[in-house]
Amino acid sequence: MLLVAGIGNALLFDQLLDDRAYAQLRFAQNLLSGKGWLADPAVNGITAPWASPGFVVALAALGRMGVQLELAAIILRGLGWGLFGALVHLVARRINRPFLAHLPPVLLALNPSPFVDLLLGQLGDRSIWLNWALVSFPLKACIAGAVLIFGGWVVDQLVQSNVHEGEPRPKNSPAWLLLAVLIGLPAVGLQGFLNWQSDQQSFGRAVVEQQAAAWIAQNSPESAVVVGASRISFLANRAQLHTLPVAAVDRVPVFMQGIVQTPPDFVVSENSLPWQFVSRTGWFSEQYRPVERLEIVGDSGSPLTIWQKIDFPLAQSKPIPLAVTTDVGIDLVSYRVAAERLSPGEAIHLQLDWRVAQPPNKTVDTIVRLESPIDGVEWARRDMRTPRSVPSDWLEPGMLFSETFVLTPTADIPVGGYQLRLSLRPSGTDELSALYRPGDSAPLDRATLGYVSVPWRGEISSSATTIDATFGDQVALLSCDCPASTTAGQPVPIELFWGAVRPPDHNYVAFVHLLDGAGQYVTGIDAPPFDGRYDMLAWRPGDVIPDGRQLMIPADLPSGEYQLQVGLYLPADGVRLAAVDSAGVATPNQTIVLPSIEILGE
């Protein structure tokens, strides 16, 4: 009877599940789908599967039998209250305490959570009894059970004290049960009223959260990740990240750090002070846009706002590790660039990822430049206050935050490879802060982030000879275009077409040497490809880099057939890269032989 009373009471008065319960439903849903306990590890920010493992397993078991998980949770909560009440009843009967045997079990079976809340002065979790019965042992269950049992014991003692000496002690009888029911019925009525009063707002919120879940389910792929109430992610059947407690202003920095590291596809916020802080940060306003607002009648948290991640150019880019320490308390750990190849006038989207070494006591300006590697000419520049995405007083040691930049080069930027350079300076000054790279104690006023290129869009001339040689498994010589003959004393136009097997390790010097029939050096030209205007660290597979040269032929050179050779070397020490011809054979002297040229002497 106690079990039936507990379940019936739960079905009548306790149909609303809280966020923690929906998180447990999510774990049970993961078990049913074969994903395992930790398919949504970030839900652990709300609760953890091992906090109530019996509850989750029981939910999954009922789910396998075809019971809807929400209904299963309501039944199990009522069953938990009933089981606990039955346990108290059996123990009290065993020790011959009639009143204790009837009153507390009835109250427990009738799910007296409002009374427990009044006793403890806080909102309770109504499923704690089942959790306690199936492994978990929350403090609230102990306190509530102890208070109810103690109350019953006191009443029982008062009854027993009125029994005169020599009279028989009262036995368990229907009268005791009737008395317990008479006391319990007003409690049920009061509980129903309290539940009805509190549930008016909760039902309205539940309906709106169901609408939000339906919208997300209809407008997102199954792989989407959601930040919001657990009911929303559960009903939408989408993965969930930890959400932000309504009144937890102090949790905002930690929450922001979490979503910056793993940005969700959708965020469902409510009208609260913490969410106002989040939505007004520079990072959030750049990353998300509101797509739906849902009003909740009579709810101070209205409206619920669904934010969708903007299809930002940086969304598909991967962070590139980069260690740059500074003397202002923040260190650069990585960066992202949306595209490494640009068209003239196309914007560069860049993200810098910072880690707080110590909270800075002043703001700084971050300066990002797009510079030519030869003459340092700036083709684009952006100065931004840092931190801009979050308030500076949120920063704590170890915290990560990101800043985005958009640089727009001029439309006349020429073909070439360019450097993205970083500098810092205290706001309001012209003095640059010191930057340091790993293993180098010498301060720098600027550091190189990475490289972007404005690629050559032309075509290799039809008269060019295919070479298909490689150097050091980094650089490819695709073809060469040079005349078959020339006259001594005249310059010979030679055009090499380079490519990248992979991004080169260094900037190399390319040489073109003219050898006579005996293999002796006659003349040559050594210069970086593309005159150094196409930084080799910006080369990527698929690029074609034209490299035009003028080889001056000595005027007194005898007539004859001469040989052209090409190679690459490091300018610092002259060490050549190993050369492999089109047949895959390593060549002597690390050079590739080009078509011979006939020179007519004057």
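This is a predicted model: local features need pLDDT of at least 70, side-chain atom pairs count only at pLDDT 80 or more; totals for chains, interfaces and linings use all residues.
Ala476 stands opposite Gly499 in E18. Strands E16 and E18, the latter made of residues 491-500, are paired in the antiparallel sense over 6 bridges. Both strands belong to an open sheet of 5 strands, whose order is E21-E18-E16-E15-E23 and whose pairing is antiparallel. At the edges of this sheet stand strand E21 (545-552) and E23; each has a single partner strand, so one side of each is left without a neighbour in the sheet.

The chain contains 13 helices and 24 strands. Of its 602 residues, 49% are buried.

Arg421 is found in strand E12, which covers residues 416-426. Is Arg421 buried or exposed? Its relative accessible area is 18%, and because buried means under 20%, Arg421 is buried. Its side chain makes a polar contact with the side chain of Glu371, at 3.5 Å. When neighbours within four places in sequence are left aside, the residues in contact with Arg421 include Ile367, Val368 and Arg369, as well as Arg446, Ala447 and Thr448. The second residue, Thr404, is placed in strand E11. Thr404 counts as buried, with a relative accessibility of 7%. Not counting residues up to four places away in sequence, Thr404 touches Glu286, Gln287, Phe312, Leu314, Leu350, Gln351 and Arg388.

The backbone deserves attention next. Most residues other than glycine have a negative phi, and most peptide bonds are trans. Thr386 and Pro387 are joined by a cis peptide bond, with omega about 0°. Pro387 lies in the loop that runs between strand E10 (378-386) and strand E11 (400-407). Asp473, a residue other than glycine, has a positive phi near 55°. The loop that holds Asp473 is between strand E15 (465-471) and strand E16 (475-481). Asn589 is not a glycine either, yet its phi is positive, at about 65°. Asn589 is located in the loop between strand E23 (579-580) and strand E24 (592-600). Asp473 counts as exposed at 53% relative accessibility, and Asn589 counts as exposed at 53% as well.

The final topic is the cysteines. A disulfide is a covalent bond between the sulfur atoms of two cysteines. How many disulfides does the chain have? The count comes to 0. Cys480 and Cys482 illustrate the reasoning. For Cys480, the closest cysteine sulfur is that of Cys482, at 4.0 Å, which is too far for a bond. For Cys482, the closest cysteine sulfur is in turn that of Cys480.

Notes
Residues are numbered from 1 along each chain as its sequence is written. Side-chain values use heavy atoms; hydrogens and water are left out. Helices (H or I, at least four residues) and strands (E, at least two) are DSSP runs, numbered from the N terminus. Buried means under 20% relative accessible area, exposed over 50%, partly exposed in between (1.4 Å probe, protein chains only). A polar contact is a pair of N or O atoms within 3.5 Å; within protein, one must be able to donate a hydrogen and the other to accept it, and residues adjacent in sequence count only if both atoms are side-chain atoms. Contact means heavy atoms within 4.5 Å. Two strands pair if DSSP finds at least two bridges between them. A disulfide is a pair of cysteine sulfur atoms within 2.5 Å.
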